[in-house]
Amino acid sequence: MRIRQCVHFISQALLVVRLRRVARLTRIHCEYVEFFLVDASTSEIAAVERISVDLLGRLANAVAGQLEVDAIPKRMVLIGVGKAVELNRLPAVIRDAPYLRQGSGLWIPRCGIGVVPLGNGSRVQRTIIHELVHGLLDQFSDGFKFPRALEEGFASTSEALLTYNMRKPKQSQIPLCDSGPLNQTESAKGNVSIDRLLGLLENGSNSKEYTDEDYEASVMGTWLHAFLTRMGRDNRKIRNILGKIQRNGLRSGREIHIWLMSATGLTESELDAQFAEFCRGKPPR
Ligand SMILES: [Zn+2]
């Protein structure tokens, strides 16, 4: 644990030094997050300054609650990349960050650094929250690898719940990622099996492009996370699903799926059928 923290600390410090050499950095410190904004405009800086201590506190509580731990966040570093920046001048870890050129943020676990594009106007706050969820999950679980679909699902849900400040969203308000709400045709794709979703990108994506698989992991992962959260209201064994996955040491999609069947007493096809129904608007039985 200490070694990991040291590696993060050194990577963060080195990156800031290298960024300072090639760009104008604005540092904003709020609670446990240090933002370094690269060549940011006045309005981009103002958007980050609007992030409140209260919001960051609720975010840390939400992640600790999901993992069922009592944890206080340690310092986190988030790099905000201004719209005007010339990406090619930046260090490779940012310049080559997957999806950045397509306007999406990401969390880099090996460095303990989040990268967020600032040019997204009103979406900046949501993107920051989303990446911090990944960072806090990584920090509080000491680097545990959660299945991609469920982690993306939890991040997308938290992002929307915290920024909209909704307590109990109705099923019709299940918050979705950039793509907006699933329409009926897409939700018919709720026929995607749970096994396939849990196995999706288990080792993370190496692609620099936002692929169909990434899209599926985000959108269907949000539905799968919502489905399991809903089931978890009546079944303590699967409540706060990411925390249960870590506590039970479940490291692969297959292991999680087998555990899920035993915890719910449902077969693979019964679970899939209920999930598909849930995606079409029916609550789980
Ligand atoms: Zn994400």
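1. Helices (H or I, at least four residues) and strands (E, at least two) are DSSP runs numbered from the N terminus.

2. Please keep in mind that this is a predicted model, in which local features need pLDDT of at least 70, side-chain atom pairs count only at pLDDT 80 or more, and totals for chains, interfaces and linings use all residues. Residues are numbered from 1 along each chain as its sequence is written.

3. Who meets whom between these helices? On the α3 side are Leu59, Ala60, Val63, Ala64 and Leu67, which meet Ile129, Leu132, Val133, Leu136, Leu137 and Phe140 in α5. Contact is counted when C-beta atoms, placed from the backbone, lie within 7 Å. By class, the contact of α3 with α5 has eleven nonpolar, no polar and no charged residues (Ala, Val, Leu, Ile, Met, Phe, Trp, Tyr, Cys and Pro count as nonpolar, Asp, Glu, Lys and Arg as charged, and the others, Gly among them, as polar).

4. Next, look at strand β5 (residues 113-117): five of its five residues are buried, so β5 is largely enclosed by the rest of the structure. Buried means 20 or more other C-beta atoms within 10 Å of a residue's own, exposed 12 or fewer, and partly exposed in between, with C-beta atoms placed from the backbone. Ile113, Val115 and Pro117 point one way from β5, while Gly114 and Val116 point the other way.

5. β5 has two partners to find (strands pair if DSSP finds at least two bridges between them). With β3 (residues 76-81) the pairing is parallel over five bridges, and Ile79 stands opposite Val115. With β4 (residues 106-108) the pairing is antiparallel over three bridges, and Ile108 stands opposite Ile113.

6. Finally, two loop residues deserve a look. Glu68, in the loop between α3 and β3, has a positive phi of about 55 degrees although it is not a glycine. Glu68 is partly exposed, with 13 other C-beta atoms within 10 Å.

Key
Contact = placed C-beta atoms within 7 Å.
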